[in-house]
Amino acid sequence: MGSNIVRLDDRRRADAGAQEASPFSDRMIAMSEIVSMAGRHRATIYREIAAGTFPAGELRGNRRRWWLSEVLKTLNHPLAQPPAPPG
């Protein structure tokens, strides 16, 4: 009976490992991560959101989160470009 049970902690660790292994995995990120990636102040990013030049993100519960892919595209980050086809 115990061999089929997967603890939630184990599943979270496996998910975290998968996210770290692939830089192209899309996930929701917090403002603190955006600030560190963009090198801009939080207030500047919120001004850009109000101006419509930065994605507004989505409200998840009582916290706002952004899709990593949208943020990378907005920042013109090299990881936002799809990988080149082989050959």
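**Exercise 1.** State which residues Glu 48 is in contact with, leaving aside its neighbours within four places in sequence.

*Solution.* Contact means heavy atoms within 4.5 Å. With those neighbours left aside, the residues in contact with Glu 48 are Arg 40, Thr 53 and Phe 54.

This is a predicted model, in which local features need pLDDT of at least 70, side-chain atom pairs count only at pLDDT 80 or more, and totals for chains, interfaces and linings use all residues. Residues are numbered from 1 along each chain as its sequence is written, and side-chain values use heavy atoms, with hydrogens and water left out.

**Exercise 2.** Determine whether Glu 48 is buried or exposed, and find the polar contact of its side chain.

*Solution.* Step 1: Glu 48 lies in helix α3; helices (H or I, at least four residues) and strands (E, at least two) are DSSP runs, numbered from the N terminus.
Step 2: buried means under 20% relative accessible area, exposed over 50%, partly exposed in between (1.4 Å probe, protein chains only). Glu 48 counts as buried because its relative accessibility is 18%.
Step 3: a polar contact is a pair of N or O atoms within 3.5 Å; within protein, one must be able to donate a hydrogen and the other to accept it, and residues adjacent in sequence count only if both atoms are side-chain atoms. The side chains of Glu 48 and Arg 40 make such a contact at 2.9 Å.

**Exercise 3.** Describe the order of elements in the protein chain.

*Solution.* The protein chain has 4 helices and 3 strands. From the N terminus on, the order is α-β-α-α-β-β-α.
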